[in-house]
Amino acid sequence: MGHIIFSSCTIPFFFILCLFPFVSSFPYSQFDGSCPYLPMIVRNGVWDAFRKDNRIAASLLRLHFHDCFIIGCDASILLDDTNDFKGEKNAVPNRNSARGYEVIDSIKADVEKACPLSISCADILALAAREAVVLSGGPYWQVQLGRRDGLTASESAANAQLPSPFEPLDNIVAKFLAKGLDIKDVVVLSGAHTLGFAQCIAFKNRLFNYKGSGQPDPALDSSALPDLKTICPNQDSSNSNLAPLDSPSAYRFDNVYYTNLVRRTGLLESDQALMGDPRTAALVKVYSMNPYLFYNDFATSMVKMSNIGILTGKDGQIRKSCRFVN
């Protein structure tokens, strides 16, 4: 296992002076001679996707999280359904919302041209998530390589094990603990919501008739309501409309997510719940005031998460296509 390196650099990777010191220290020795350009291939693939779709950074980060939280970080989320199993793509938390599969497919195709059957889809997904964060102005962390790809996927496990924005905080904490993470990781990894958008169906219950009261969620500051009600009118046709998880910086990795929680303008009920529990509220306040501490802790938690349930050695396989078992 390689040692962990952190960076407080918040400049996108194409500013060479910012990230060059880390490029030379990537621990790719196990692939020397077979895939020396792996970092560049993944980085270029993410950058190309980002130029076409600035939402893709959040999508790739979420895809990695949703992969690791099921069977483990084994790229099971990338598998299409087969006669033998129903995959995770159509599980409730992923259906019509998980994105970025085609980006990973494209990067994998380029990697296969350079170094056939050498690099797993699981490693590519972990690297792509890191590059997405760095590209968005967030921290760098060292991705430990050597994961192998799983042979199956589970729709039912995805439905049961992925945290839901409607769940009580205690339930979410329990799901993190079951994966070997802790309550600090809950607060830190929730900070991934500094990027991206949520569909109205994920939070519209907070705007109009919270728990049958006929009123908005009292934990949501009234200043947030006009804009959100404009985006998400109280009708089913607005369910798939998108609102930024971290207004006003949905495309920039920063600590404004935590500032929003302190101001009671967090979008998801599960996010705002972090301010309603003394176990988590203190850390939210700290991160709202200290972005560099958040960046370092995020890097640490991402390394922990990316090692959940990994397959190594002779377990699993190196898929040729991320969508199918060999």
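How many aromatic pairs does the structure hold? The structure holds 16 aromatic pairs, where rings of Phe, Tyr and Trp (its six-membered ring) are taken to pair if their centres lie within 6.5 Å.

1. Basis of the note. This is a predicted model, in which local features need pLDDT of at least 70 and side-chain atom pairs count only at pLDDT 80 or more, while totals for chains, interfaces and linings use all residues. Residues are numbered from 1 along each chain as its sequence is written, and side-chain values use heavy atoms, with hydrogens and water left out.

2. Aromatic pairs. One of the pairs is formed by Y287 and F294, which lie 5.7 Å apart from centre to centre with 55° between the planes, and this pair is tilted; planes under 30 degrees apart would count as stacked and those over 60 as edge-to-face, with the rest as tilted. Both Y287 and F294 are buried, a term for residues under 20% relative accessible area, with exposed set at over 50% and partly exposed in between (1.4 Å probe, protein chains only). Y287 and F294 also belong to a cluster linked by ring pairs, whose other members are W141, F253, Y257, Y258, Y292, Y295 and F298.

3. A charge over a ring. K89 lies over the face of Y101, at 4.6 Å from the ring centre; the criterion asks for NZ of Lys or CZ of Arg within 6 Å of the ring centre and within 35 degrees of the ring normal.

4. The largest pocket. The largest pocket has a volume of about 1,300 Å³, and of the 46 residues that line it, R62, H66, P93, P165 and H193 are the closest to its centre. A pocket here is an open set of points on a 1 Å grid over the protein atoms alone, with protein on both sides within 12 Å along at least five of seven lines, and lining residues have an atom within 4 Å of a point. Points are joined across faces, edges and corners, and the volume is the space filled by probe spheres set on them. The lining divides into 28 nonpolar, 11 polar and seven charged residues, with Ala, Val, Leu, Ile, Met, Phe, Trp, Tyr, Cys and Pro counted as nonpolar, Asp, Glu, Lys and Arg as charged, and the others, Gly among them, as polar.

5. Helix α3 and the lining. Elements that each supply at least two residues of the lining of the largest pocket include α3 (56-68), α7 (169-178) and α13 (291-305); helices (H or I, at least four residues) and strands (E, at least two) are DSSP runs, numbered from the N terminus. The largest share, six residues, comes from α3. Because 12 of its 13 residues are buried, α3 is largely enclosed by the rest of the structure.

6. The cavity. There is one cavity of 30 Å³ or more, a cavity being a set of grid points where a 1.4 Å probe fits but cannot get out. About 40 Å³ of space lies in the largest cavity, whose lining includes A57 and A58, both of them among the buried residues of α3.

7. Backbone points to check. L117, in the loop between α4 (101-114) and α5 (121-135), has a phi near 50°, a positive value in a residue other than glycine, and L117 is partly exposed at 47% relative accessible area. R264, in the loop between α10 and α11, likewise has a positive phi, of about 65°, although it is not a glycine, and at 34% relative accessibility R264 counts as partly exposed.
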